[in-house]
Amino acid sequence: MTHTDVTTERFHLALVGAPNSGKTSLFNALTGSRQKVANYAGVTVERKAGAFVTPAGRQVTLLDLPGTYSLRGRSPDEEITRDVVLGKRPGEAAPDLVLCIADATNLRLTLRLILELKRTGRPLLVVLNMFDIAQRRGVSIDVDAMSAALGVPVITSIAVKKAGVEELRKRTDEFAANMPAVTTGDGWKPLGLSEMKVLQREADRIIRETVTMPTKPDTLTTRVDAVVLHPVAGLAILALILFVMFQAVFSWAQPLMELLSDSFGALGTLVAQVLPEGILQSFLQNGLIAGVGSVLVFLPQIIIIFLFILLLEDFGYMARAAFLMDRIMGGAGLHGRAFIPLLSSFACAIPGIMATRVIDNRRDRLTTILIAPLMTCSARIPVYTLIISAFIPAENVWGWVNLQGLVMFGLYIAGIGSALAASFVIKFFMWRDYQPAPFMLELPDYKLPRIKSIAIGVYTRAKMFLQRAGTTILSMMILIWFLASFPQAPAGAEGPAINYSLAAMIGKFLEPFFAPLGFNWQIAVALIPGMAAREVAVGALGTVYAIEGGKEAADAIGQALASKWSLATALSFLAWFIFAPQCASTLAVIRRETGSTKWMVVTFLYMFALAYVASLITYTIAKAAGLG
Amino acid sequence: MTVHQTASETSIHELRLGNAPRGFIGTIVALQPDIAGAAESGHELERHLLEMGFTEGARVEILHQGAIQRDPIAVRVDNITIAVRRREAMAVVVK
């Protein structure tokens with residue numbers, strides 16, 4: 001943006017800070033829900049931008065840059081931070097002011113970063129975040145002295161308190177009103193080792209002169225960690241957390257899902273009553289409302305998954321999970337840092353693959369990308385839920401464990417197990433000669449999550465899901481409805497009209513290929529749109545089985561399946577979806593992320609092969625066991 | 001403050017953080033990142049360690065260790081906690 005008129009010019013702020021400095025909380029507090037999440041062109045680094053208006057009415061654009069300890073640019077997201085700060089990122093306005101967020105309880109690394117940022121010549125404002133926690137712990141900071149020593153204005157802030165945020169807005173105004181001439185040198189060079197040491201010594205000197213540390217460190221974190229990071233108890237706790245998470249996804253979401261499904265059912269019935277029978281009514285009721293409804297029903301589950309992930313992240317638990325899993329995953333050739341991307345992949349492989357940007361090493365990153373789609377993403381939940389509730393009795397085993405939940409848990413374990421095995425194979429065949437990248441991760445002090453910040457995070461994710469439902473999924477549902485409805489059955493034809501449609505032709509064409517898996521032509525048809533988005537397979541099955549009505553559809557698909565499929569087919573179908581060739585958007589992200597079509601094709605083929613073999617084995621065994 | 005650190009000074013104390021047991025408390029004497037088997041080249045590893053606060057004179061304490069081969073370790077470096085693998089911690093000379 002290069003407006004010449006000063007009064008209407010937008011003011012560009014960039015947030016920089018170390019990981020865990022509370023940057024995102026502050027970003028959320030400043031911008032509220034006025035934020036846009038997208039990607040930087042050419043790379044899958046999340047670009048989070050927001051806007052706010054200062055007390056003087058100035059329009060401010062705020063960019064939340066990826067957290068970093070230095071301007072070294074070791075990973076793609078750290079490169080983004082460096083390039084934006086230096087004003088070298090094409091298509092991104094150079095920031096007028098860099099807000100450097102420092103965790104007031106943990107200044108050592110950030111002060112060095114601040115000194116490094118100062119060298120870029122970009123105007124800086126240091127925000128001492130979590131000042132309240134620091135004070136409570138007995139850390140006292142001479143803010144004015146620190147400001148003088150750094151040669152940069154320093155303010156304190158408490159991201160959750162309105163006053164702190166207001167102060168920040170006011171300071172932005174003051175700064176913008178008398179903006180200094182920016183002297184960003186093109187002569188910026190990465191720091192040498194000796195320069196780094198000099199800066200760290202200077203930072204340590206400033207801390208000695210301006211900060212009084214408490215006599216006692218935060219013992220709570222240490223005490224909690226004694227249990228949470230315990231070699232045995234720690235792993236048990238991690239397993240328990242994951243178990244609770246999946247039980248929650250399955251049981252807590254139920255009432256809300258029923259409410260949604262009832263609403264869509266009512267809407268469908270209303271349409272059926274208002275409109276005359278015919279193509280339009282069928283399109284609206286069976287294609288649009290039933291189709292999109294069958295997918296939207298899963299919004300509560302997606303919200304719960306993201307709620308857990310964001311909460312664990314805010315507590316500071318995610319880094320602990322990476323610590324616990326590092327060696328275990330290392331055995332499978334994975335980096336400890338891969339744990340977080342893989343855990344995000346439980347929600348959706350797309351953010352998971354994007355989160356692999358925290359892995360510096362290219363090969364570690366590629367391995368993680370290749371196996372991320374094996375993690376059970378939330379789009380598989382609809383498929384699992386449907387089949388499980390139709391075929392697995394809702395009994396309790398051992399008195400308290402819900403059998404359906406247990407099967408669900410088992411499916412997740414199967415996904416994880418196969419991902420680890422795949423990683424092992426990839427490493428064994430492709431990169432035998434290579435050493436894994438270093439694992440260095442800060443274990444932040446535990447903190448209570450900020451409710452508002454979590455809420456904004458969940459809201460943003462839910463919005464992304466809804467947008468997807470409104471575009472990809474919607475268009476697929478329309479296509480399925482079209483294929484299942486045309487050409488229409490001739491007058492006086494026997495059997496369901498769908499038998500005469502394009503869908504039936506395609507399905508019957510594919511049937512011989514899928515027959516060894518116990519799949520009939522209806523399943524074969526449903527698998528194709530399942531490529532666009534896995535959850536569409538459910539809606540597609542519904543449409544293909546020509547079941548009318550919304551609420552009835554949700555219950556009745558299950559009933560129809562239970563009466564038409566053998567248990568062996570159902571199990572085979574579940575096995576297929578553990579591996580299911582991932583959705584088109586995942587493939588697109590893989591291509592963009594790896595920068596090559598080759599890896600996209602490799603991923604698709606290996607998952608397709610796995611799915612086929614797994615289903616074949618499952619079906620053969622189940623049939624032999626008399627379940628066919 | 002300048003830190004004068006010579007090779008002879010470090011060779012006397014050859015204790016490496018990567019070999020230290022859980023509960024070890026000490027001070028960083030030097031970074032000697034040219035270790036066999038590390039994934040990053042010496043300079044890059046040293047830079048990385050510096051970024052995470054492993055500087056000469058810093059107080060270190062091994063708080064926790066993993067289940068498999070006591071790896072990785074959680075190290076208190078001054079007032080923050082860093083998780084690091086023993087392999088990379090071999091670059092840190094402590095006393």
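This is a short tour of a predicted model with chains A and B, going from confidence to the interface and then to a helix pair.

**Stop 1: colour by pLDDT**

Begin with the whole model, which scores ipTM 0.85 and pTM 0.78. Select chain A. Its mean pLDDT is 81, and 87% of the residues score at least 70. Now pick out helix α5 of chain A, residues 143-150. Among the elements of chain A, α5 has the highest mean pLDDT, 93. Then jump to helix α23 of chain A, residues 550-564, which has the lowest, 65.

Two stretches of chain A call for caution. Select residues 1-6 of chain A: pLDDT stays under 50 there, and the model has four contacts beyond four places in sequence for them. Next, select residues 547-553 of chain A. Here too pLDDT stays under 50, but the model has 25 contacts beyond four places in sequence.

Switch to chain B. Its mean pLDDT is 82, and 80% of its residues reach 70 or more. Residues 1-10 of chain B fall below 50, with ten contacts in the model beyond near neighbours in sequence. Where pLDDT is low, the predicted coordinates should not be read in detail.

**Stop 2: the interface**

Show both chains. The contact draws 35 residues from chain A and 33 residues from chain B. On the chain B side, select α2 (42-51), β2 (59-68), β3 (71-77) and β4 (80-84); each gives two or more residues to the side that touches chain A. Which element gives the most? It is α2(B), with seven residues. By type, the chain B side splits into 15 nonpolar, ten polar and eight charged residues.

**Stop 3: a helix pair in chain A**

Select helix α17 (residues 380-391) and helix α18 (residues 403-430) of chain A. They pack at an angle of about 140°, with their axes 10 Å apart. That angle makes α17(A) oblique to α18(A). The crossing of the two helices is right-handed.

Now show side chains. From α17(A), take Y384(A), I388(A) and S389(A). They meet Q404(A), V407(A), M408(A) and L411(A) in α18(A). How many of the residues in this contact are nonpolar, polar or charged? Five are nonpolar, two are polar and none is charged.

Methods. Residues are numbered from 1 along each chain as its sequence is written. Chains are lettered from A and ligands numbered from 1 in the order in which they are written. Axes are lines fitted to C-alpha atoms, for helices over the stretch in contact, and angles run from 0 to 180 degrees between N-to-C directions. Helices (H or I, at least four residues) and strands (E, at least two) are DSSP runs, numbered from the N terminus. Angles under 35 degrees count as roughly parallel, over 145 as roughly antiparallel, 65 to 115 as roughly perpendicular and the rest as oblique. A crossing is left-handed if the near helix is turned anticlockwise from the far one by less than a right angle, and right-handed if clockwise. Two residues are in contact if their C-beta atoms, placed from the backbone, lie within 7 Å. Ala, Val, Leu, Ile, Met, Phe, Trp, Tyr, Cys and Pro count as nonpolar, Asp, Glu, Lys and Arg as charged, and the others, Gly among them, as polar. pLDDT is the predictor's confidence in each residue, from 0 to 100.
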